[in-house]
Amino acid sequence: MDHLSFAITSDGSKTLFNEEVGEHYHSRHGALQESKHVFLNTGMRYFLEKNGLEKVKILEVGFGTGLNFLITADFCSENNIQLDYTGIEAYPLKPEMIVDTGYEDYISHDLWDSFITQYEEAQKSSVQIGKLCTLKIATEKMLDFNAKEPFDVVYFDAFAAVHQPEMWNQESLKHISKFIKPGGVFVTYAITGDLKRTMKSLGFTIEKAPGAAGKREMLRAIKM
């Protein structure tokens with residue numbers, strides 16, 4: 001993976017730069033703050049608080065470095081929330097690169113050790129991470145993904161449309177939307193006119209939420 005290199009973002013947390021795609025895995029304004037703001041707070045916590053639940057089933061498009069999963073699992077472990085997490089990642093990173101992210105500094109040591117130990121096994125089958133979390137990493141392209149049961153929340157963390165337009169077109173969004181249950185939440189760091197129109201056409205109500213650092217707004221969509 002010579003096309004990948006680490007970069008330090010504005011909040012001190014690391015991200016990866018993919019030379020082939022021409023983009024960073026996380027915001028250069030702060031990888032950690034973006035994950036917490038966009039996905040943990042505006043996505044999962046919003047869903048749980050709105051529905052008064054203590055369990056959640058999440059699908060992530062673009063598992064990448066695992067940061068979104070780690071901060072979500074850490075929050076769930078600390079707050080006694082049962083988490084069932086599936087990440088789609090066609091090109092999973094090597095374990096040593098995951099270790100080099102330094103994300104162990106942001107979560108409990110036990111959770112980190114459990115994740116690192118079972119990271120490769122999670123690419124084959126669902127594994128238990130800590131007492132309350134399960135993780136499965138689907139090593140396939142998004143359009144090849146299938147699931148028998150719907151999800152409560154989708155973290156859509158694909159590379160930006162300017163670099164990967166095929167991830168944001170009608171076909172791709174329609175495919176991933178069918179795995180969201182009624183009342184479920186689709187959340188992403190981006191917001192464009194095309195994205196809003198597509199999600200509306202797929203039966204979602206659209207909310208403009210404040211964006212993470214460096215972005216004025218982001219999209220949260222609720223399936224009707």
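How many salt bridges does the count come to in this structure? Here are some friendly notes to read beside the model, which is a predicted one.

1. The count comes to six salt bridges. Three of these pairs are taken up below, among them E49 with R45, D152 with K181 and R216 with E217.

2. Start with E49 and R45, whose side chains meet in a salt bridge with an N to O distance of 3.8 Å. Find helix 1 (residues 31-51): the two residues sit four apart in that helix, so about one helical turn separates them. E49 counts as exposed, because its relative accessibility is 58% and the exposed class begins over 50%.

3. Next, look at D152 and K181, where the salt bridge has an N to O distance of 2.9 Å. D152 belongs to strand 8 (residues 151-156) and K181 to strand 9 (residues 180-188), so this pair ties together parts that lie 29 residues apart in sequence. Is D152 buried or exposed? D152 is buried: its relative accessible area is 6%, and buried means under 20%. K181, at 29% relative accessibility, is partly exposed.

4. Finally, turn to R216 and E217, which form a salt bridge with their closest N and O atoms 3.8 Å apart. R216 counts as exposed, with a relative accessibility of 71%. For E217 the relative accessibility is 25%, so E217 counts as partly exposed.

Notes
Residues numbered from 1 in each chain as written. Predicted model: local features only at pLDDT ≥ 70, side-chain atom pairs only at ≥ 80, totals over all residues. Heavy atoms only, no water. Salt bridge = Lys/Arg side-chain N within 4 Å of Asp/Glu carboxyl O. Buried < 20%, exposed > 50% of the residue type's maximum accessible area, 1.4 Å probe, protein only.
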